[in-house]
Amino acid sequence: MGAFCSVIKFENLQELKRLCHWGPIIALGVIAICSTMAMIDSVLWYWPLHTTGGSVNFIMLINWTVMILYNYFNAMFVGPGFVPLGWKPENSQDSMYLQYCKVCQAYKAPRSHHCRKCNRCVMKMDHHCPWINNCCGYQNHASFTLFLLLAPLGCIHAAFIFVMTMYTQLYNRMKIILRNKTSIESWIEEKAKDRIQYYQLDEVFVFPYDMGSKWKNFTQVFTWSGVPEGDGLEWPVREDCHPYSLTIEQLKQKADKRVRSVRYKVTEDYSGSCCPLNKGIKTIFTIPCTEEPRIQLRKGEFILATRGLRYWLYGDKILDDSFAEGVSRIRGWFPRNCVEKCPCEAETDPAPEGEKKNR
Ligand SMILES: [Zn+2]
Ligand SMILES: [Zn+2]
């Protein structure tokens with residue numbers, strides 16, 4: 001209850017002006033950046049939220065931020081407590097033992113000092129701190145010290161997340177380098193497996209650039225001269241692979257994508273904004289977390305969608321003469337509730353090979 005009452009003093013809006021100073025601006029900026037980065041890193045890279053460790057870690061990060069900010073604002077806005085203007089000791093004879101402050105027109109109470117920055121006599125003054133733009137003294141000694149204790153602990157936790165994120169990134173990078181792949185090629189290989197399984201084909205996709213030994217793969221990237229192997233245009237492949245087997249697979253996937261795409265008709269205009277406020281709450285809360293573009297839609301247009309989320313679709317606009325010359329492709333995300341599936345799908349190309357499974 002005592003802590004709550006100290007927050008209520010915050011209603012003194014005059015104190016808000018303490019925020020307009022380089023100390024609090026820098027301190028709050030650093031707290032905001034570190035907390036946000038640690039939370040994003042822990043969710044996206046290192047410790048996914050759906051795991052127990054991930055949730056505990058995330059709750060702890062929020063907890064650090066809340067506790068750090070609580071003590072920081074308490075130290076700043078509750079302040080040290082000032083000796084009342086015109087104060088004098090109860091027993092007037094005791095004034096002979098006290099110093100007199102001409103600015104405050106009062107006696108200086110024991111352990112108080114006049115602060116030139118605050119322009120007041122401060123109770124049990126410790127020092128004037130530019131980071132809270134206030135004095136540290138009688139009332140905020142505890143919250144200021146707790147802030148000093150919690151801030152480094154929170155930083156250690158955030159630093160651990162940053163290091164693990166970097167380590168995870170390095171680990172993933174080395175894993176694909178030792179197989180002589182890139183991230184995109186790993187993705188193509190995954191899609192190749194998916195395509196073969198989907199059409200139940202009697203073929204096996206072998207990644208052509210894997211030299212068969214981790215060391216040989218490693219030396220394709222890291223060389224003593226610092227110049228990577230080859231000319232970047234032609235690449236050595238395994239003996240049992242065609243020199244273009246990866247690009248052949250890519251062409252097959254492209255053809256397959258066309259077959260699997262679904263034709264939609266635009267029923268409602270969409271501005272292409274990242275956060276379409278007029279397209280429903282669910283659409284706003286499930287915005288795709290990607291830098292891929294959003295496309296503007298006009299009623300009556302047609303789209304070939306290649307993938308989607310529950311409330312969003314990704315696809316290519318089917319271009320007609322009304323589009324400007326030189327525009328070859330318009331593709332991106334759009335809300336699902338702006339379009340409706342065409343009764344006859346534009347599946348003109350046959351499946352590449354083999355029998356198509358029922359969907
Ligand atoms: Zn004074
Ligand atoms: Zn001060």
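# Helix packing and sheet order: exercises

Helix 2 and helix 4 cross in a left-handed manner (the near helix turned anticlockwise from the far one by less than a right angle; helices are DSSP runs of H or I with at least four residues, strands runs of E with at least two, numbered from the N terminus). The model is predicted, with local features needing pLDDT of at least 70 and side-chain atom pairs pLDDT 80 or more, while totals for chains, interfaces and linings use all residues. Residues are numbered from 1 along each chain, chains are lettered from A and ligands numbered from 1 as written, and side-chain values use heavy atoms without hydrogens or water.

**Exercise 1.** Describe the packing of helix 2 against helix 4.

*Step 1.* The axes of helix 2 (residues 22-46) and helix 4 lie 9 Å apart, at an angle of about 35 degrees (lines fitted to C-alpha atoms over the stretch in contact, with angles from 0 to 180 degrees between N-to-C directions).

**Exercise 2.** Characterise helix 3 and its crossing with helix 4.

*Step 1.* With 27 residues, helix 3 spans 38 Å between its first and last C-alpha, close to the expected 39 Å (1.5 Å times one less than the number of residues).

*Step 2.* The axes of helix 3 (residues 52-78) and helix 4 (residues 141-177) come within 9 Å and cross at roughly 150 degrees. Helix 3 is therefore roughly antiparallel to helix 4 (over 145 degrees; under 35 is roughly parallel, 65 to 115 roughly perpendicular, the rest oblique).

*Step 3.* This crossing of helix 3 and helix 4 is left-handed. The contact of helix 3 with helix 4 has 14 nonpolar, 6 polar and no charged residues.

**Exercise 3.** Classify the packing of helix 5 against helix 7.

*Step 1.* Helix 5 (residues 183-198) and helix 7 (residues 245-260) have axes 10 Å apart, at about 60 degrees, which means that helix 5 is oblique to helix 7.

*Step 2.* Their crossing is left-handed.

*Step 3.* The contact includes Glu185, Lys191 and Arg195 of helix 5 and Glu249, Lys252 and Asp256 of helix 7. Its residues divide into 4 nonpolar, 2 polar and 8 charged.

**Exercise 4.** Identify the edge strands of the open sheet of 5 strands.

*Step 1.* The order is 10-9-8-7-11, with antiparallel pairing (at least two DSSP bridges).

*Step 2.* Strand 10 (331-335) and strand 11 (339-341) are at the edges; each has a single partner strand, so one side of each lacks a neighbour in the sheet.

*Step 3.* Neighbouring strands of this sheet are turned by 45 degrees on average, direction ignored.

*Step 4.* Strand 8 (residues 302-308) and strand 9 (residues 312-317) run antiparallel, joined by 5 bridges. Ala305 stands opposite Gly315 in strand 9.

Terms used
Ala, Val, Leu, Ile, Met, Phe, Trp, Tyr, Cys and Pro count as nonpolar, Asp, Glu, Lys and Arg as charged, and the others, Gly among them, as polar. Contact means heavy atoms within 4.5 Å.
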